[in-house]
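The entries follow the order in which I looked things up.

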Amino acid sequence: MTAYLTALRAIVLREALRFVHQRERFVAALVRPLVWLLVFAAGFRAALGLSILPPYQTYITYETYIVPGLCGMILLFNGMQSSLSLVYDRETGSMRLLLTAPLPRGWLLFCKLLGSTMISILQVYAFLLIAALFDITMEPLGYLAALPALLISGLMLGTLGLALSSFIKQLENFAGVMNFVIFPMFFLSSALYPLWKMAESSALLRDICAANPFTHAVELIRFALYTQFNGWALLWTLLATVLFMALALWGYDPARGLINRKG
Amino acid sequence: MSTGLSVTSVSYSYGAKQALRDVSFDVAPGQFAALLGPNGAGKSTLFSLLTRLFTTREGSIRIAGFDMSRTPRQALQKMGVVFQSQTLDLDLTIRQNLSYFAALHGLSGREAQQRINSSLDRLQILERAGEKTRDLNGGHRRRTEIARALIHAPSVLLLDEPTVGLDAAARQSITDHVHRLCADEGLTVLWATHLTDEVFDTDQLVVLHQGRILAQGPSATLRGDTPLKQYFLQTTGIAA
(Lines give C-alpha, C1' and ligand atoms only; values in the text may rest on other atoms or scores of the structure.)
Protein backbone atom coordinates (compact mmCIF):
# COMPACT_ATOMS: atom_id res chain seq x y z
CA MET A 1 0.00 0.00 0.00
CA THR A 2 2.90 2.33 0.78
CA ALA A 3 4.07 2.13 -2.83
CA TYR A 4 0.62 3.24 -3.97
CA LEU A 5 0.60 6.25 -1.66
CA THR A 6 4.20 7.16 -2.49
CA ALA A 7 3.27 7.24 -6.18
CA LEU A 8 0.08 9.20 -5.46
CA ARG A 9 1.99 11.84 -3.53
CA ALA A 10 4.66 12.13 -6.23
CA ILE A 11 2.17 12.45 -9.08
CA VAL A 12 0.08 15.07 -7.25
CA LEU A 13 3.25 16.95 -6.30
CA ARG A 14 4.41 16.90 -9.91
CA GLU A 15 1.09 18.38 -11.03
CA ALA A 16 1.47 21.06 -8.35
CA LEU A 17 5.02 21.86 -9.49
CA ARG A 18 3.85 22.08 -13.09
CA PHE A 19 1.16 24.46 -11.94
CA VAL A 20 3.71 26.63 -10.12
CA HIS A 21 5.73 26.81 -13.33
CA GLN A 22 2.70 27.74 -15.42
CA ARG A 23 1.24 30.64 -13.47
CA GLU A 24 0.10 32.30 -16.69
CA ARG A 25 -2.18 29.34 -17.25
CA PHE A 26 -3.69 29.90 -13.81
CA VAL A 27 -4.43 33.54 -14.58
CA ALA A 28 -5.76 32.68 -18.04
CA ALA A 29 -8.07 30.05 -16.57
CA LEU A 30 -9.52 32.69 -14.23
CA VAL A 31 -10.07 35.31 -16.92
CA ARG A 32 -12.68 33.23 -18.77
CA PRO A 33 -15.19 32.77 -15.89
CA LEU A 34 -14.55 36.30 -14.64
CA VAL A 35 -15.49 37.75 -18.03
CA TRP A 36 -18.69 35.71 -17.91
CA LEU A 37 -19.40 36.84 -14.39
CA LEU A 38 -18.53 40.50 -14.62
CA VAL A 39 -19.46 41.26 -18.22
CA PHE A 40 -21.88 38.68 -19.59
CA ALA A 41 -23.91 38.30 -16.38
CA ALA A 42 -24.04 42.04 -15.84
CA GLY A 43 -25.40 42.52 -19.37
CA PHE A 44 -27.94 39.74 -19.11
CA ARG A 45 -29.05 40.59 -15.61
CA ALA A 46 -32.06 42.53 -16.84
CA ALA A 47 -32.89 40.15 -19.68
CA LEU A 48 -33.13 37.01 -17.59
CA GLY A 49 -35.55 37.14 -14.68
CA LEU A 50 -35.08 34.36 -12.14
CA SER A 51 -37.74 33.16 -9.78
CA ILE A 52 -37.08 31.50 -6.46
CA LEU A 53 -35.89 27.95 -7.01
CA PRO A 54 -34.01 25.57 -4.76
CA PRO A 55 -31.51 25.92 -3.20
CA TYR A 56 -32.20 29.68 -3.20
CA GLN A 57 -34.67 30.98 -0.62
CA THR A 58 -35.13 34.41 -2.09
CA TYR A 59 -34.76 36.24 -5.37
CA ILE A 60 -31.19 36.31 -6.49
CA THR A 61 -29.25 38.27 -9.05
CA TYR A 62 -28.18 36.60 -12.26
CA GLU A 63 -24.54 36.97 -11.22
CA THR A 64 -25.25 34.91 -8.12
CA TYR A 65 -27.05 32.29 -10.20
CA ILE A 66 -24.21 31.66 -12.61
CA VAL A 67 -21.40 31.40 -10.04
CA PRO A 68 -21.78 27.58 -9.57
CA GLY A 69 -21.98 27.16 -13.35
CA LEU A 70 -18.77 29.13 -13.74
CA CYS A 71 -17.12 26.97 -11.06
CA GLY A 72 -18.18 24.03 -13.23
CA MET A 73 -16.79 25.84 -16.27
CA ILE A 74 -13.35 26.05 -14.63
CA LEU A 75 -13.47 22.33 -13.85
CA LEU A 76 -14.71 21.52 -17.35
CA PHE A 77 -12.05 23.53 -19.17
CA ASN A 78 -9.33 22.24 -16.87
CA GLY A 79 -10.50 18.66 -17.37
CA MET A 80 -10.17 19.18 -21.11
CA GLN A 81 -6.89 21.02 -20.68
CA SER A 82 -5.49 18.05 -18.80
CA SER A 83 -6.72 15.76 -21.56
CA LEU A 84 -4.80 17.97 -23.99
CA SER A 85 -1.69 17.66 -21.84
CA LEU A 86 -2.17 13.88 -21.74
CA VAL A 87 -2.21 13.72 -25.51
CA TYR A 88 0.90 15.91 -25.49
CA ASP A 89 2.51 13.69 -22.83
CA ARG A 90 1.72 10.68 -24.96
CA GLU A 91 3.42 12.21 -27.94
CA THR A 92 6.46 13.38 -25.99
CA GLY A 93 6.91 10.19 -24.01
CA SER A 94 6.38 11.19 -20.38
CA MET A 95 3.10 9.23 -20.39
CA ARG A 96 5.17 6.16 -21.27
CA LEU A 97 7.30 6.74 -18.22
CA LEU A 98 4.22 6.90 -16.02
CA LEU A 99 2.63 3.81 -17.52
CA THR A 100 5.73 1.66 -17.17
CA ALA A 101 5.73 2.13 -13.39
CA PRO A 102 5.12 -1.19 -11.62
CA LEU A 103 1.65 -0.24 -10.38
CA PRO A 104 -1.82 -0.93 -11.78
CA ARG A 105 -2.51 1.34 -14.73
CA GLY A 106 -5.89 2.35 -13.28
CA TRP A 107 -4.23 3.63 -10.12
CA LEU A 108 -1.61 5.61 -12.05
CA LEU A 109 -4.30 7.27 -14.17
CA PHE A 110 -6.39 8.00 -11.08
CA CYS A 111 -3.40 9.67 -9.38
CA LYS A 112 -2.85 11.87 -12.41
CA LEU A 113 -6.52 12.74 -12.42
CA LEU A 114 -6.57 13.60 -8.73
CA GLY A 115 -3.53 15.84 -9.13
CA SER A 116 -5.05 17.88 -11.93
CA THR A 117 -8.44 18.05 -10.14
CA MET A 118 -6.80 19.52 -7.06
CA ILE A 119 -5.22 22.25 -9.17
CA SER A 120 -8.64 22.97 -10.70
CA ILE A 121 -10.18 23.27 -7.24
CA LEU A 122 -7.54 25.83 -6.28
CA GLN A 123 -8.57 27.85 -9.32
CA VAL A 124 -12.24 27.59 -8.37
CA TYR A 125 -11.51 28.98 -4.91
CA ALA A 126 -9.47 31.81 -6.41
CA PHE A 127 -12.48 32.57 -8.63
CA LEU A 128 -14.88 32.47 -5.66
CA LEU A 129 -12.58 34.84 -3.78
CA ILE A 130 -12.58 37.35 -6.62
CA ALA A 131 -16.37 37.01 -6.95
CA ALA A 132 -16.67 37.73 -3.22
CA LEU A 133 -14.57 40.87 -3.69
CA PHE A 134 -17.25 41.99 -6.15
CA ASP A 135 -19.85 41.28 -3.48
CA ILE A 136 -21.12 38.07 -5.05
CA THR A 137 -21.04 35.81 -2.04
CA MET A 138 -22.37 32.40 -1.00
CA GLU A 139 -23.15 31.11 2.47
CA PRO A 140 -19.96 31.15 4.59
CA LEU A 141 -20.13 27.42 5.34
CA GLY A 142 -21.03 26.77 1.74
CA TYR A 143 -17.45 27.46 0.68
CA LEU A 144 -16.37 24.49 2.80
CA ALA A 145 -19.33 22.29 1.88
CA ALA A 146 -18.55 22.85 -1.80
CA LEU A 147 -15.15 21.19 -1.50
CA PRO A 148 -16.33 17.56 -1.82
CA ALA A 149 -18.78 18.60 -4.55
CA LEU A 150 -15.96 20.27 -6.47
CA LEU A 151 -13.77 17.20 -5.98
CA ILE A 152 -16.40 14.79 -7.31
CA SER A 153 -17.36 17.10 -10.20
CA GLY A 154 -13.70 17.70 -11.02
CA LEU A 155 -12.99 13.97 -11.04
CA MET A 156 -15.99 13.37 -13.29
CA LEU A 157 -14.86 15.97 -15.82
CA GLY A 158 -11.25 14.80 -15.48
CA THR A 159 -12.23 11.20 -16.26
CA LEU A 160 -14.11 12.52 -19.30
CA GLY A 161 -10.91 14.27 -20.41
CA LEU A 162 -8.91 11.11 -19.72
CA ALA A 163 -11.32 9.00 -21.77
CA LEU A 164 -11.22 11.52 -24.61
CA SER A 165 -7.42 11.68 -24.50
CA SER A 166 -7.23 7.96 -25.19
CA PHE A 167 -9.32 8.41 -28.33
CA ILE A 168 -7.76 11.60 -29.66
CA LYS A 169 -5.07 10.52 -32.08
CA GLN A 170 -3.17 13.77 -32.35
CA LEU A 171 -2.95 17.16 -30.73
CA GLU A 172 -4.38 18.77 -33.87
CA ASN A 173 -7.69 17.02 -33.24
CA PHE A 174 -8.16 18.88 -29.99
CA ALA A 175 -10.13 21.69 -31.63
CA GLY A 176 -12.82 19.12 -32.35
CA VAL A 177 -13.09 18.40 -28.64
CA MET A 178 -13.77 22.08 -28.03
CA ASN A 179 -16.57 22.14 -30.58
CA PHE A 180 -18.14 18.79 -29.87
CA VAL A 181 -17.65 18.35 -26.15
CA ILE A 182 -16.94 21.52 -24.20
CA PHE A 183 -19.40 23.91 -25.81
CA PRO A 184 -22.42 21.55 -26.00
CA MET A 185 -21.73 20.35 -22.48
CA PHE A 186 -21.58 23.88 -21.13
CA PHE A 187 -24.48 25.43 -23.03
CA LEU A 188 -26.77 22.40 -22.71
CA SER A 189 -26.68 22.59 -18.94
CA SER A 190 -28.06 24.54 -16.04
CA ALA A 191 -24.85 26.57 -15.78
CA LEU A 192 -26.24 29.71 -17.46
CA TYR A 193 -30.00 29.26 -17.12
CA PRO A 194 -32.27 27.14 -14.96
CA LEU A 195 -33.86 24.16 -16.68
CA TRP A 196 -37.40 25.51 -16.37
CA LYS A 197 -36.30 28.50 -18.45
CA MET A 198 -34.97 26.11 -21.08
CA ALA A 199 -38.27 24.17 -20.98
CA GLU A 200 -40.10 27.35 -21.98
CA SER A 201 -38.20 27.27 -25.27
CA SER A 202 -38.02 23.55 -25.94
CA ALA A 203 -38.97 20.47 -23.94
CA LEU A 204 -36.43 18.43 -25.91
CA LEU A 205 -33.59 20.81 -25.09
CA ARG A 206 -34.63 20.74 -21.46
CA ASP A 207 -34.49 16.93 -21.45
CA ILE A 208 -31.06 16.96 -23.05
CA CYS A 209 -29.89 19.43 -20.38
CA ALA A 210 -31.35 17.20 -17.66
CA ALA A 211 -29.42 14.19 -18.98
CA ASN A 212 -26.16 16.11 -19.29
CA PRO A 213 -23.85 15.06 -16.42
CA PHE A 214 -22.40 18.57 -16.39
CA THR A 215 -25.84 19.89 -15.32
CA HIS A 216 -25.72 17.58 -12.33
CA ALA A 217 -22.16 18.54 -11.47
CA VAL A 218 -23.22 22.21 -11.50
CA GLU A 219 -26.30 21.48 -9.38
CA LEU A 220 -24.21 19.48 -6.91
CA ILE A 221 -21.90 22.47 -6.52
CA ARG A 222 -24.82 24.94 -6.42
CA PHE A 223 -26.57 23.09 -3.60
CA ALA A 224 -23.33 22.56 -1.70
CA LEU A 225 -22.53 26.28 -1.88
CA TYR A 226 -25.79 26.80 0.04
CA THR A 227 -24.95 23.92 2.43
CA GLN A 228 -27.64 21.73 0.90
CA PHE A 229 -27.31 18.21 -0.40
CA ASN A 230 -28.59 17.16 -3.80
CA GLY A 231 -28.60 13.37 -3.77
CA TRP A 232 -29.83 12.96 -7.35
CA ALA A 233 -27.08 15.22 -8.67
CA LEU A 234 -24.50 13.30 -6.64
CA LEU A 235 -25.71 9.95 -7.95
CA TRP A 236 -25.75 11.15 -11.55
CA THR A 237 -22.27 12.67 -11.24
CA LEU A 238 -20.86 9.52 -9.65
CA LEU A 239 -22.44 7.33 -12.33
CA ALA A 240 -20.91 9.50 -15.04
CA THR A 241 -17.51 9.30 -13.29
CA VAL A 242 -17.64 5.50 -13.22
CA LEU A 243 -18.71 5.36 -16.86
CA PHE A 244 -15.99 7.75 -18.06
CA MET A 245 -13.34 6.00 -15.96
CA ALA A 246 -14.33 2.64 -17.44
CA LEU A 247 -14.03 4.20 -20.90
CA ALA A 248 -10.62 5.64 -20.03
CA LEU A 249 -9.37 2.30 -18.71
CA TRP A 250 -10.57 0.64 -21.88
CA GLY A 251 -8.92 3.35 -23.96
CA TYR A 252 -5.60 2.91 -22.15
CA ASP A 253 -5.77 -0.89 -22.08
CA PRO A 254 -2.33 -2.14 -23.22
CA ALA A 255 -4.03 -4.86 -25.28
CA ARG A 256 -5.52 -2.10 -27.43
CA GLY A 257 -2.13 -0.44 -27.86
CA LEU A 258 -3.53 3.08 -28.02
CA ILE A 259 -0.58 4.60 -26.24
CA ASN A 260 1.49 4.11 -29.32
CA ARG A 261 -1.23 4.59 -31.89
CA LYS A 262 -0.04 6.45 -34.89
CA GLY A 263 -2.25 9.21 -36.14
CA MET B 1 16.59 -18.99 -18.96
CA SER B 2 15.66 -17.85 -15.47
CA THR B 3 17.15 -14.36 -15.54
CA GLY B 4 18.13 -11.85 -18.20
CA LEU B 5 15.70 -11.18 -21.02
CA SER B 6 13.84 -13.69 -23.09
CA VAL B 7 11.58 -13.05 -26.08
CA THR B 8 9.84 -16.10 -27.52
CA SER B 9 7.81 -16.24 -30.76
CA VAL B 10 6.47 -12.70 -30.45
CA SER B 11 4.33 -11.34 -33.27
CA TYR B 12 2.41 -8.08 -33.46
CA SER B 13 0.21 -6.36 -36.03
CA TYR B 14 -1.15 -2.84 -36.42
CA GLY B 15 -4.40 -3.86 -38.04
CA ALA B 16 -3.48 -5.56 -41.30
CA LYS B 17 0.14 -4.47 -41.13
CA GLN B 18 2.34 -7.00 -39.42
CA ALA B 19 5.11 -5.21 -37.50
CA LEU B 20 6.77 -8.22 -35.83
CA ARG B 21 6.83 -11.83 -37.04
CA ASP B 22 7.77 -14.67 -34.75
CA VAL B 23 10.58 -12.79 -33.00
CA SER B 24 12.66 -14.87 -30.58
CA PHE B 25 15.95 -14.10 -28.86
CA ASP B 26 17.54 -14.35 -25.43
CA VAL B 27 19.91 -12.04 -23.63
CA ALA B 28 21.87 -13.78 -20.89
CA PRO B 29 22.34 -12.08 -17.50
CA GLY B 30 25.12 -9.49 -17.61
CA GLN B 31 25.22 -9.48 -21.39
CA PHE B 32 25.07 -6.45 -23.69
CA ALA B 33 22.81 -7.16 -26.67
CA ALA B 34 22.53 -4.75 -29.56
CA LEU B 35 19.23 -4.85 -31.42
CA LEU B 36 20.34 -3.60 -34.79
CA GLY B 37 17.81 -2.69 -37.43
CA PRO B 38 17.11 0.03 -39.98
CA ASN B 39 14.32 2.54 -39.44
CA GLY B 40 10.95 0.81 -39.56
CA ALA B 41 12.41 -2.60 -38.68
CA GLY B 42 10.05 -2.98 -35.71
CA LYS B 43 12.47 -1.99 -32.91
CA SER B 44 10.12 0.54 -31.31
CA THR B 45 7.18 -1.86 -31.54
CA LEU B 46 9.27 -4.50 -29.81
CA PHE B 47 10.23 -1.98 -27.11
CA SER B 48 6.59 -1.07 -26.57
CA LEU B 49 5.82 -4.75 -26.03
CA LEU B 50 8.85 -5.20 -23.76
CA THR B 51 7.68 -2.26 -21.61
CA ARG B 52 4.01 -3.34 -21.72
CA LEU B 53 2.85 -0.13 -23.34
CA PHE B 54 0.92 -2.64 -25.33
CA THR B 55 0.53 -6.36 -25.19
CA THR B 56 0.24 -9.23 -27.62
CA ARG B 57 -1.26 -12.68 -27.34
CA GLU B 58 1.27 -14.11 -29.72
CA GLY B 59 4.44 -15.12 -27.94
CA SER B 60 5.88 -14.41 -24.52
CA ILE B 61 8.32 -11.99 -22.92
CA ARG B 62 10.22 -12.70 -19.71
CA ILE B 63 12.18 -10.06 -17.83
CA ALA B 64 14.51 -11.38 -15.12
CA GLY B 65 12.45 -14.53 -15.02
CA PHE B 66 9.07 -12.79 -14.74
CA ASP B 67 6.50 -13.32 -17.46
CA MET B 68 5.27 -9.95 -18.77
CA SER B 69 1.71 -11.12 -19.31
CA ARG B 70 1.29 -13.09 -16.06
CA THR B 71 3.34 -11.00 -13.61
CA PRO B 72 3.69 -7.61 -15.31
CA ARG B 73 4.39 -5.59 -12.18
CA GLN B 74 7.27 -7.81 -11.04
CA ALA B 75 8.65 -7.74 -14.57
CA LEU B 76 8.41 -3.93 -14.76
CA GLN B 77 10.02 -3.64 -11.33
CA LYS B 78 13.09 -5.47 -12.63
CA MET B 79 13.40 -3.30 -15.72
CA GLY B 80 14.87 0.13 -16.39
CA VAL B 81 13.93 1.90 -19.61
CA VAL B 82 15.37 4.77 -21.60
CA PHE B 83 12.88 5.73 -24.28
CA GLN B 84 13.79 7.11 -27.66
CA SER B 85 11.85 10.32 -27.07
CA GLN B 86 12.95 12.45 -24.18
CA THR B 87 10.84 11.97 -21.05
CA LEU B 88 12.29 14.52 -18.63
CA ASP B 89 10.22 17.35 -17.25
CA LEU B 90 12.29 20.32 -18.40
CA ASP B 91 10.89 22.68 -15.74
CA LEU B 92 12.07 20.43 -12.93
CA THR B 93 15.60 19.92 -11.64
CA ILE B 94 17.49 16.69 -12.22
CA ARG B 95 16.85 15.69 -8.61
CA GLN B 96 13.13 16.46 -8.86
CA ASN B 97 12.85 14.40 -12.03
CA LEU B 98 14.60 11.47 -10.40
CA SER B 99 12.63 11.78 -7.16
CA TYR B 100 9.41 11.60 -9.16
CA PHE B 101 10.54 8.44 -10.90
CA ALA B 102 11.80 6.90 -7.65
CA ALA B 103 8.36 7.46 -6.11
CA LEU B 104 6.69 5.73 -9.06
CA HIS B 105 8.77 2.74 -8.02
CA GLY B 106 7.72 3.06 -4.39
CA LEU B 107 10.95 4.70 -3.20
CA SER B 108 10.87 7.81 -1.04
CA GLY B 109 12.71 9.65 1.73
CA ARG B 110 16.31 8.97 2.58
CA GLU B 111 16.51 5.70 0.70
CA ALA B 112 15.35 7.38 -2.52
CA GLN B 113 17.83 10.23 -2.09
CA GLN B 114 20.70 7.82 -1.45
CA ARG B 115 19.88 5.84 -4.55
CA ILE B 116 19.49 9.03 -6.61
CA ASN B 117 22.89 10.27 -5.42
CA SER B 118 24.59 6.99 -6.20
CA SER B 119 22.90 6.73 -9.59
CA LEU B 120 23.86 10.30 -10.54
CA ASP B 121 27.37 9.71 -9.28
CA ARG B 122 27.68 6.64 -11.48
CA LEU B 123 26.76 8.75 -14.50
CA GLN B 124 29.02 11.59 -13.32
CA ILE B 125 26.33 14.24 -13.06
CA LEU B 126 25.83 14.37 -9.29
CA GLU B 127 27.20 17.90 -9.02
CA ARG B 128 24.48 19.12 -11.41
CA ALA B 129 21.59 17.55 -9.48
CA GLY B 130 20.11 20.95 -8.56
CA GLU B 131 20.04 22.26 -12.14
CA LYS B 132 16.93 22.40 -14.24
CA THR B 133 17.02 19.78 -16.98
CA ARG B 134 16.19 22.51 -19.50
CA ASP B 135 19.71 23.87 -18.93
CA LEU B 136 21.41 20.56 -19.79
CA ASN B 137 22.76 19.65 -23.21
CA GLY B 138 21.46 16.59 -25.06
CA GLY B 139 24.20 14.29 -23.78
CA HIS B 140 23.63 15.21 -20.14
CA ARG B 141 19.88 14.84 -20.53
CA ARG B 142 20.46 11.31 -21.77
CA ARG B 143 22.79 10.60 -18.87
CA THR B 144 20.09 11.85 -16.53
CA GLU B 145 17.60 9.48 -18.13
CA ILE B 146 20.00 6.55 -17.79
CA ALA B 147 20.68 7.49 -14.15
CA ARG B 148 16.93 7.63 -13.62
CA ALA B 149 16.42 4.21 -15.18
CA LEU B 150 18.89 2.72 -12.68
CA ILE B 151 17.48 4.15 -9.42
CA HIS B 152 15.38 1.12 -8.56
CA ALA B 153 18.34 -1.23 -9.21
CA PRO B 154 16.86 -3.05 -12.20
CA SER B 155 18.57 -6.17 -13.52
CA VAL B 156 17.59 -5.46 -17.13
CA LEU B 157 18.15 -2.12 -18.86
CA LEU B 158 16.37 -1.34 -22.14
CA LEU B 159 17.49 1.58 -24.28
CA ASP B 160 15.61 2.52 -27.43
CA GLU B 161 17.99 4.39 -29.75
CA PRO B 162 19.34 6.43 -26.83
CA THR B 163 21.88 8.37 -28.90
CA VAL B 164 19.41 9.87 -31.38
CA GLY B 165 20.10 13.57 -31.83
CA LEU B 166 23.44 13.55 -29.97
CA ASP B 167 26.75 14.72 -31.39
CA ALA B 168 29.54 12.19 -32.03
CA ALA B 169 31.34 12.81 -28.72
CA ALA B 170 28.21 12.50 -26.60
CA ARG B 171 27.18 9.41 -28.57
CA GLN B 172 30.45 7.67 -27.90
CA SER B 173 30.46 8.69 -24.27
CA ILE B 174 26.95 7.27 -23.66
CA THR B 175 27.70 4.09 -25.60
CA ASP B 176 30.94 3.48 -23.63
CA HIS B 177 29.21 4.27 -20.37
CA VAL B 178 26.46 1.72 -20.80
CA HIS B 179 28.93 -0.93 -21.95
CA ARG B 180 30.92 -0.29 -18.76
CA LEU B 181 27.76 -0.50 -16.63
CA CYS B 182 27.06 -3.86 -18.18
CA ALA B 183 30.60 -5.16 -17.63
CA ASP B 184 31.12 -3.74 -14.12
CA GLU B 185 27.71 -4.31 -12.58
CA GLY B 186 26.35 -7.32 -14.40
CA LEU B 187 23.40 -5.47 -15.91
CA THR B 188 21.58 -7.16 -18.76
CA VAL B 189 21.32 -4.57 -21.53
CA LEU B 190 19.22 -4.44 -24.69
CA TRP B 191 20.33 -1.48 -26.82
CA ALA B 192 18.29 -0.74 -29.93
CA THR B 193 20.09 1.16 -32.65
CA HIS B 194 20.49 1.54 -36.38
CA LEU B 195 24.12 2.69 -36.03
CA THR B 196 26.72 -0.04 -36.37
CA ASP B 197 29.50 1.93 -34.66
CA GLU B 198 27.62 1.60 -31.36
CA VAL B 199 28.02 -2.18 -31.41
CA PHE B 200 31.18 -3.73 -29.90
CA ASP B 201 32.64 -7.01 -31.06
CA THR B 202 31.99 -8.50 -27.64
CA ASP B 203 28.26 -7.68 -27.83
CA GLN B 204 25.52 -10.10 -28.63
CA LEU B 205 23.98 -8.95 -31.91
CA VAL B 206 20.34 -9.31 -32.96
CA VAL B 207 19.58 -8.11 -36.48
CA LEU B 208 15.95 -7.12 -36.99
CA HIS B 209 14.57 -6.21 -40.40
CA GLN B 210 10.96 -5.86 -41.56
CA GLY B 211 9.74 -7.36 -38.33
CA ARG B 212 11.88 -10.53 -38.56
CA ILE B 213 15.10 -11.60 -36.87
CA LEU B 214 17.62 -12.12 -39.65
CA ALA B 215 20.63 -13.08 -37.55
CA GLN B 216 21.70 -13.38 -33.94
CA GLY B 217 24.90 -14.31 -32.14
CA PRO B 218 28.16 -12.74 -30.98
CA SER B 219 28.88 -9.70 -33.12
CA ALA B 220 32.46 -10.78 -33.87
CA THR B 221 31.34 -14.24 -34.99
CA LEU B 222 28.51 -12.94 -37.16
CA ARG B 223 30.53 -10.35 -39.00
CA GLY B 224 33.71 -12.43 -39.34
CA ASP B 225 36.23 -10.40 -41.33
CA THR B 226 33.61 -8.10 -42.81
CA PRO B 227 33.17 -4.66 -41.25
CA LEU B 228 29.93 -4.62 -39.24
CA LYS B 229 28.41 -1.88 -41.34
CA GLN B 230 28.91 -3.88 -44.52
CA TYR B 231 27.69 -7.08 -42.86
CA PHE B 232 24.56 -5.26 -41.69
CA LEU B 233 23.83 -3.79 -45.11
CA GLN B 234 24.34 -7.16 -46.78
CA THR B 235 22.21 -9.03 -44.28
CA THR B 236 19.32 -6.62 -44.55
CA GLY B 237 19.68 -6.41 -48.31
CA ILE B 238 19.89 -2.64 -48.17
CA ALA B 239 23.27 -2.52 -49.91
CA ALA B 240 23.19 -1.76 -53.58
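Which helix of chain A gives the most to the lining of the largest cavity? I found that helix 5 of chain A does, with 7 residues.

**Ground rules.** I am working with a predicted model, in which local features need pLDDT of at least 70, side-chain atom pairs count only at pLDDT 80 or more, and totals for chains, interfaces and linings use all residues. Residues are numbered from 1 along each chain as its sequence is written, chains are lettered from A and ligands numbered from 1 in the order in which they are written, and side-chain values use heavy atoms, with hydrogens and water left out.

**Cavities.** I searched the whole structure and got 3 cavities of 30 Å³ or more. A cavity here is a set of points on a 1 Å grid over the protein atoms alone where a 1.4 Å probe fits but cannot get out, and lining residues have an atom within 4 Å of a point. A volume is the space filled by probe spheres set on the points, which are joined across faces, edges and corners.

I put the largest cavity at about 200 Å³. Its lining has 19 residues, and A:Glu15, A:Arg25, A:Ser82, A:Ser85 and A:Ser116 lie nearest the centre. Helix 1 (2-21), helix 3 (62-92), helix 5 (105-133) and helix 6 (140-167) of chain A each supply at least two of the lining residues. Helices are DSSP runs of H or I with at least four residues, strands are runs of E with at least two, and both are numbered from the N terminus. I sorted this lining into 6 nonpolar, 9 polar and 4 charged residues. Ala, Val, Leu, Ile, Met, Phe, Trp, Tyr, Cys and Pro count as nonpolar, Asp, Glu, Lys and Arg as charged, and the others, Gly among them, as polar.

The second largest cavity has a volume of about 70 Å³. I noted residues of both chains in its lining, including A:Leu97, A:Thr100, B:Phe101 and B:His152. Strand 6 (residues 79-82) of chain B gives the largest share, 3 residues. The lining of the second largest cavity holds 7 nonpolar, 4 polar and no charged residues.

**Helix 5 of chain B.** I checked the length of this helix, residues 138-150: its 13 residues should span 18 Å at 1.5 Å a residue, and the end C-alpha atoms are 19 Å apart, which agrees. The expected span is 1.5 Å times one less than the number of residues. I counted 11 of the 13 residues as buried (under 20% relative accessible area; exposed is over 50%, partly exposed in between; 1.4 Å probe, protein chains only). B:Asn137 caps the N-terminal end, with a side-chain oxygen 3.1 Å from the backbone nitrogen of B:Gly139.

**A:Ser189.** I located this residue in the loop between helix 7 (174-187) and helix 8 (195-201) of chain A. A:Ser189 is buried because its relative accessible area is 0%. Its side chain reaches the backbone oxygen of A:Phe186 at 2.7 Å.

**Positive phi.** Most residues other than glycine have a negative phi. I found B:Asp22 with phi near 50 degrees, in strand 2 (residues 17-27) of chain B. B:Glu161 has phi near 45 degrees and sits in the loop between strand 7 and helix 6 of chain B. Are these residues buried or exposed? B:Asp22 is exposed at 53% relative accessible area, while B:Glu161 is buried at 6%.

Notes. On a 1 Å grid over the protein atoms alone, a cavity is a set of points where a 1.4 Å probe fits but cannot get out, and a pocket is an open set with protein on both sides within 12 Å along at least five of seven lines; lining residues have an atom within 4 Å of a point. A polar contact is a pair of N or O atoms within 3.5 Å; within protein, one must be able to donate a hydrogen and the other to accept it, and residues adjacent in sequence count only if both atoms are side-chain atoms.
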